[in-house]
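This briefing sets out selected side-chain interactions, nonpolar cores and strand pairing. Please read it alongside the sequence and the coordinates.

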Amino acid sequence: MRIFMKYILLIICIASCSQDVFPVYPEEEKVVAEGILPLYLEEKRVFKENVQEQASFVADFDSGTFMLNGKSGTKASLVDPYRIQPKGTNEGVKDNALLFPLNALGVTGDEWTYWIELTFPENVSWTDYNFFAEAGTLNRSTRIVHRITPDLRCVSEFYGGDDASYQGSERSSFSVGGGTRILIQQTIDKSSVITKLGDDPVWQKEGISFISFQYLAVGADLLGFQEFPEIKINRVLVFDKKIHDPIIENQGYDVSAFTEEVFFDDFDSLNLRAGAPNNYRFSQGVWTPRFSYTDNEVSPKGWTAEDANSYKADPTYNWPDGWSPFDIDNSTLKIRMDRTNKANLISEMPINPATGQPYEWAGGVLTTKHSNTFRAPCYVEARIKFPSGKGLWNAFWLYNNYDGHKEIDIAEQWTADLKSYGVAQHNFNGTEIIHEALLMNTGIDLTQDYHRYGVVWADGKLVFLLDGKEIYTIPEHRSLSGRALYIILNTSIGGYQGDPDGTTPDSNEMLVDWVRVKVRK
């Protein structure tokens, strides 16, 4: 385990068994961690000096370097003969639409590698599945397709076998858009692929059935269609062998064994189940907008714990002015936490028994309890941007209570310190709940941008990841062995770092770009 800290704050506490689903932090544990050496996330890339010298083909358009089999050449001799006129245009052959036979790239066998670096045009209409490169046979019975999806993900898809069937894919964790420059690295043999998209971790899939490749198309697909007329090709490198990614310092935790994606939601829409208040388990859809711990809720408006100071609103209720705790905007899920008197909700808000007044704050929760549960070995990750208002408490976690409390907190973010967040496991051991939690200072403001929060739950341990890097590893509690948990995303307020005050914005949003789960076969 590599932890870049002077020391860490590890909270291990034992509390009485209760129905509380959030971690219990006794008063004496409410401390502020000081003097922690930040975990810096900057990634320093160190390329091998001779990596370009290993290439059988080099076309570096930025520097004007062109080589074939170790000998210098020219663009006119090594590139121009393979320019094509893209289908659907009348502009003639183009520099940015290329179709190379592999023998023109120095490829002599079934094991080879290509790197393609491209810059997308500033103004692009992202309306369909947009291809920008492809390798394979001209009849496309074997092919690797590189494209951009409507939600702006870079995807590599693999097709092969006797029936040219879909063999798998990998998509980027980041969105791309106009002006984006991206490096695609692809290694191939007859039964496996290794792919890397931008700065994402390397991904590998074995058991693929490929026929020998014949062509590489750049700036277009194998049929000559060009989706991005103004795309810029920065460089193309081809290697007549399998070559792995350049040396990358602190690249991240190896998740390449988790090859099968069993759950993915990029929130083009919000697939909610119906059935409020207590029949969600009988309907269709992905997300249940309640915790549904016992599936016996009675209020159509929502639910909250007895000691909570915010209300988890059900979006199927007819709230004033069409308000909802959720929204989808440009393939991004927004989970709100709003001040009820400012959102015109207070007239419909239930009474908080602790204050005798309507709940001051209302937010939302989404779970996969009734649609998808997951067990080890699995890799669970989401790309999230947390809000910064004082007293907010937002979370991405796994849970189940069908035979006692079982919880893995992948990310709990309290806003007293915008550079810190918590990871934990909380499990019932037969007589009490065992709480093991880490509060960690990352050295960066986590509310300024999206970050990837993940956990690898496998081999008797929990490996917590931030932006693909290991931050903490803890042995799996024995009560988790063989158990299935479901995903929860929610907003809340309070927690052990304090409540909102007058400086807290009236409306706050936890932004979720995507959630995915991969398993290891």
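A residue counts as buried when its relative accessible area is under 20%, as exposed when that area is over 50%, and as partly exposed in between. The model is predicted. On this scale, Arg171 and Asp266 are both buried, and their side chains form a salt bridge with an N to O distance of 3.7 Å.

**Salt bridges**

- The count of salt bridges comes to 31.
- The bridge between Arg171 and Asp266 links distant parts of the chain, with Arg171 in strand 11 and Asp266 in the loop between strand 17 (260-265) and strand 18 (302-303), 95 residues apart.
- Arg336 forms a salt bridge with Glu509, and the closest N and O atoms are 4.0 Å apart. Arg336 belongs to strand 21 (residues 333-339) and Glu509 to strand 35, 173 residues apart.
- The two partners fall into separate accessibility classes: Arg336 is buried, because its relative accessible area is 16%, whereas Glu509, at 28%, is partly exposed.
- Arg339 and Asp506 meet through their side chains in a salt bridge of 2.8 Å, N to O. Arg339 lies in strand 21 and Asp506 in the loop between strand 34 (486-493) and strand 35, so this pair ties together parts that are 167 residues apart in sequence.
- Arg339 counts as buried at 10% relative accessibility, while Asp506 is partly exposed at 33%.
- A network of salt bridges links Asp62, Glu117, Arg181, Lys232 and Arg235.

**Aromatic pairs and charges over rings**

- The count of aromatic pairs comes to 27. One of them is the stacked pair of Phe291 and Tyr293, with 5.0 Å centre to centre and 10 degrees between the planes.
- Phe291 and Tyr293 are both buried. Ring pairs also link these two residues with Trp303, Trp397, Tyr399 and Tyr486 into a cluster.
- Arg171, the salt-bridge partner of Asp266, also has its charged end over the ring of Phe264, 4.2 Å from the ring centre.
- Arg143 lies over the face of Tyr159, at 3.9 Å from the ring centre.

- In soluble globular proteins, nonpolar side chains tend to be buried together.
- The largest nonpolar core has 43 residues, and those with the most contacts inside it are Phe396, Ile408, Tyr453 and Leu489. Strand 35 (residues 507-519) supplies the largest share of this core, five residues.
- Beyond its neighbours within four places in sequence, Phe396 is in contact with residues including Val380, Ile384, Tyr453, Ile487, Ile488, Leu489 and Val515. Glu381 and Asp409 are also among the contacts of Phe396.
- A second, separate core has 40 residues, among them Trp112, Phe228, Ile233 and Val238.

- An open sheet is formed by seven strands in the order 5-6-15-8-9-10-11, with antiparallel pairing.
- Strand 5 (83-84) and strand 11 (165-175) stand at the edges; each has a single partner strand, so one side of each is left without a neighbour in the sheet.
- Ile144 stands opposite Phe158 in strand 10.

Conventions:
Residues numbered from 1 in each chain as written. Predicted model: local features only at pLDDT ≥ 70, side-chain atom pairs only at ≥ 80, totals over all residues. Heavy atoms only, no water. Phe/Tyr/Trp six-rings, centres within 6.5 Å; stacked < 30°, edge-to-face > 60°. Buried < 20%, exposed > 50% of the residue type's maximum accessible area, 1.4 Å probe, protein only. Lys NZ or Arg CZ within 6 Å of the ring centre and 35° of its normal. Core = buried A, V, L, I, M, F, W, Y, C linked by side-chain atoms within 4.5 Å. Helix = DSSP H or I, 4+ residues; strand = E, 2+ residues; numbered from the N terminus. Contact = heavy atoms within 4.5 Å. Pairing = 2+ DSSP bridges.
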